[in-house]
Amino acid sequence: MAGTVRKRTVFFFEIVEAKRGQPRMEPQPWRDFLDHVAVSEPHERIVRSADDQLVGIVDTATAADHLQLAKITGEVPHQLDHSNGTIEALQLAAGTDVVHVTTLCFLPYGNIIGALHGGFSAPRVSAITKWLNGIGLPCGEVVLKPVIHARAREKLNRIEAVSEFTVQLEGAPADTVSALRARGDLADSLRSFGQRHPDTSITLSLKVPRRGGRLSKLRRNRAATQLRSDVLQFIPDLDEWMDESGVVRSVSGQVAIRDPHRQSLEYEPLDFLAHPHHSAVRCAGRVH
């Protein structure tokens with residue numbers, strides 16, 4: 001049986017100083033950092049995190065070098081024999097291990113990295129941060145700040161109303177979904193449903209009826225204002241979910257932006273996960 005290749009999403013993070021306020025840094029020589037990692041001894045590229053080991057490897061086979069961060073969990077993997085339906089422990093050669101890999105692409109500007117997670121068990125932002133700080137950087141201790149919904153952040157203070165809002169979540173292990181914190185009503189509803197149905201992909205779509213429907217103009221405006229409030233409450237939860245869960249597939253909507261040059265509100269589409277330079281990035285693997 002041929003395996004299927006899942007489409008995955010590249011998430012972007014800015015590397016900033018681990019200080020109060022998380023100040024931005026001057027552009028760092030990440031090319032030199034990758035060169036240093038590439039020639040380091042294997043034991044110099046290992047950072048321990050609880051019961052796991054994190055190992056960084058520079059993949060020079062790609063057009064632009066990528067950093068592959070592997071997590072060794074010590075678990076015993078199993079394999080399925082499709083010919084007879086049996087399951088047995090995977091036999092590994094001496095000195096080898098099964099790892100879960102996240103591929104990192106260092107962009108040539110702004111201390112930005114793109115992260116492509118190989119699966120739900122691949123290293124997430126907390127593990128990436130521990131490895132970077134464990135290896136030691138000339139710039140000192142750092143943290144990773146999610147670079148998501150950039151256009152939405154810039155426009156949040158000018159959003160007057162939201163007429164449509166859609167969130168798509170991938171199916172995820174129950175412990176991943178239940179571990180997500182939720183402060184707003186939308187996030188709490190998604191988290192609760194995901195916890196009850198961990199293997200189900202979820203799409204939540206909220207839409208205010210347009211003109212000609214049963215709602216009066218007053219009721220439509222009131223509904224769009226309320227939906228705006230719910231969306232703004234959802235943004236902090238979205239930050240955290242994008243950091244760790246890997247379950248968020250897309251977040252989009254139709255929003256009305258305050259514009260002093262317009263006499264009336266006009267709705268426009270907004271991708272809350274859009275990054276202004278995503279088209280310039282080519283991370284290894286297949287992305288969505």
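Mentor: On the face of helix 1 that is turned away from its buried side, the exposed residues are Asp32, His36 and Val39 (exposed is over 50% relative accessible area, buried under 20% and partly exposed in between, with a 1.4 Å probe and protein chains only; helices, H or I of at least four residues, and strands, E of at least two, are DSSP runs numbered from the N terminus). The model is a predicted one, in which local features need pLDDT of at least 70 and side-chain atom pairs count only at pLDDT 80 or more, while totals for chains, interfaces and linings use all residues. Residues are numbered from 1 along each chain as its sequence is written, and side-chain values use heavy atoms, with hydrogens and water left out.

On the buried side, helix 1 carries the buried residues Trp30, Phe33, Leu34 and Val37. These four lie on the same side of helix 1 because they cover an arc of only 95° around its axis, the arc being that of the directions from the helix axis to the C-beta atoms. The cover over these buried residues includes strand 1, strand 3, strand 4, strand 7 and helix 2.

Seven strands make up an open sheet with antiparallel pairing, in the order 2-3-4-7-8-1-9 (two strands pair if DSSP finds at least two bridges between them). Its edges are strand 2 (46-49) and strand 9 (142-146), each of which pairs on one side only. On average, neighbouring strands of this sheet are turned by 30° against each other, direction ignored. Helix 1, residues 30-39, packs on this sheet and touches strand 1, strand 3 (52-59), strand 4 (66-72) and strand 7 (100-106), and its direction makes about 110° with that of strand 3. Such angles run from 0 to 180 degrees between N-to-C directions, with axes fitted to C-alpha atoms, for helices over the stretch in contact, and contact means heavy atoms within 4.5 Å.

Helix 2, residues 125-135, lies across strand 1, strand 2, strand 3, strand 4, strand 7, strand 8 and strand 9, and runs at about 155° to strand 9.

Strand 1 (residues 10-17) is joined by five bridges to strand 8 (residues 112-117), and the two run antiparallel; Phe11 has Ala115 of strand 8 as its bridge partner. Glu17 is also found in strand 1, and Glu17 is buried, with a relative accessible area of 18%. Leaving aside residues up to four places away in sequence, Glu17 touches Gln22, Pro23, Arg24, Met25, Glu141, Val142 and Val143.

Among the contacts in the chain with a separation of 6 or more, 66% are between residues 24 or more positions apart. Elsewhere in the chain, strand 10 (159-169) is largely enclosed by the rest of the structure, since nine of its eleven residues are buried. Strand 10 runs antiparallel to strand 12 (residues 248-257), joined by nine bridges, with Glu164 opposite Gln254, and it pairs in the antiparallel sense with strand 11 (residues 202-207) over six bridges, where Leu169 stands opposite Ile202.
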